[in-house]
Amino acid sequence: MILVIGATAQFGRQTVEVLAAAGRPVRALTRNPQAAGLPEGVEVVRGDLTDAATLAPALEGVSELLLVLPYGLEADALLTQAQRAGVRRVVFLSSGAVVEGAVGQPDVIAAYHARVEEQIKASDLEWTFLRLLFPAINALAWGMQLTSGDVVRGPYAGASASVVHERDVAEAAAGVLGMSGHTGRTYELTGPQSLTQGEQLAVLGAALGRELSFEEVPDGPVRQQLSQFMDGDFINALLDLMAATVGKPAAVNDVVERLTGHPARAFDQWAADHAADFR
């Protein structure tokens, strides 16, 4: 039995769907099973990572788990319960911001994910890490601006990323879970091409049949505005990561293809898949 932690978040949900479609036994942990909306055949159980007492029943009979955590949530209680339950391995969706072997990580995003990785390594569990830096679904943040016009305003039009389709992340996770040869491995997931934000917007415009443009604005006001609604250190780290990519094409690898058996989906496929989200 595979348990997916974060089963109603984007990557967790997609992985549950992939596993269920393949007929593999999968259990989904959620705070509200009635509202989960997961495929038939998926065993949906209630659990809360902030309440350790709810985790033991969900872990019963589980051999492996996929761990998808919201930023800042600690995994200590879960790992303790997983070891007690006899779970063999954990696959953790980590961040590409982590610098391997660094004494101190460069920002709070990297530091958080590196800390969880170290906690997993320190446990008796086998492990595999999937690191993801910029998912394609980040482009959904443009949706609100595009409801009122064809211009997206934001910092770093030239920021580059090899954005990854969420289905590829899910299929990569499914390609690792329950399969041999991945223990103790760290995989960096990338898309098939490096695109700037401006180029991504042009691709999205083609999918929507609209001529979209990116208007660059100073990052200071954006940082201040976003920090009113989200953790300020997180926002600064995210925008600093983007700023560091301006003028530097993003790395591209074939990890998705090696784990899934097919090439990574390009951003135009993501745009076509999500066109309805922008209408």
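Which residue of β6 does S94 stand opposite? Select S94 and look across to β6: R131 stands opposite. Keep in mind that this is a predicted model.

**Stop 1: strand β5**

Select residues 89-95, which form β5. This strand is mostly covered, with 7 of its 7 residues buried. Now show the side chains. R89, V91, L93 and S95 point one way. V90, F92 and S94 point the other way. Both sets are buried, and here that means under 20% relative accessible area.

**Stop 2: the β4 side**

Pick V90 in β5: L65 stands opposite. Next, select helix α3, residues 76-85. Together, β4, α3 and β5 make a right-handed β-α-β unit.

**Stop 3: the β6 side**

Select residues 126-132 for β6. The pairing of β5 with β6 is also parallel, and it runs over 7 bridges. Return to V90: on this side, W127 of β6 stands opposite. S94 and R131 form the facing pair from the opening question. Then bring in helix α4, residues 108-122. β5, α4 and β6 make a right-handed β-α-β unit.

**Stop 4: the whole sheet**

Show every strand of the sheet. Its order is β3-β2-β1-β4-β5-β6-β9. The sheet is open, has 7 strands and pairs in parallel. Go to the edges: β3, residues 43-46, and β9 each pair on one side only. Neighbouring strands are turned by 20° against each other on average, direction ignored.

**Stop 5: the second largest pocket**

Which residues lie nearest the centre of the second largest pocket? Select L133, S162, T190, A250 and A251. They belong to a lining of 17 residues. The space inside is about 240 Å³.

Now colour the lining by residue class. There are 8 nonpolar, 6 polar and 3 charged residues.

Which strands each supply at least two residues of this lining? Select β6, β8 (160-161) and β9 (185-189).

**Last view**

Methods
Residues are numbered from 1 along each chain as its sequence is written. This is a predicted model: local features need pLDDT of at least 70, side-chain atom pairs count only at pLDDT 80 or more; totals for chains, interfaces and linings use all residues. Side-chain values use heavy atoms; hydrogens and water are left out. Buried means under 20% relative accessible area, exposed over 50%, partly exposed in between (1.4 Å probe, protein chains only). Helices (H or I, at least four residues) and strands (E, at least two) are DSSP runs, numbered from the N terminus. Two strands pair if DSSP finds at least two bridges between them. A crossover is right-handed if, with the strands pointing away from the viewer, the path from the first strand over the helix to the second runs clockwise. On a 1 Å grid over the protein atoms alone, a cavity is a set of points where a 1.4 Å probe fits but cannot get out, and a pocket is an open set with protein on both sides within 12 Å along at least five of seven lines; lining residues have an atom within 4 Å of a point. Grid points are joined across faces, edges and corners, and a volume is the space filled by probe spheres set on the points. Ala, Val, Leu, Ile, Met, Phe, Trp, Tyr, Cys and Pro count as nonpolar, Asp, Glu, Lys and Arg as charged, and the others, Gly among them, as polar. Axes are lines fitted to C-alpha atoms, for helices over the stretch in contact, and angles run from 0 to 180 degrees between N-to-C directions.
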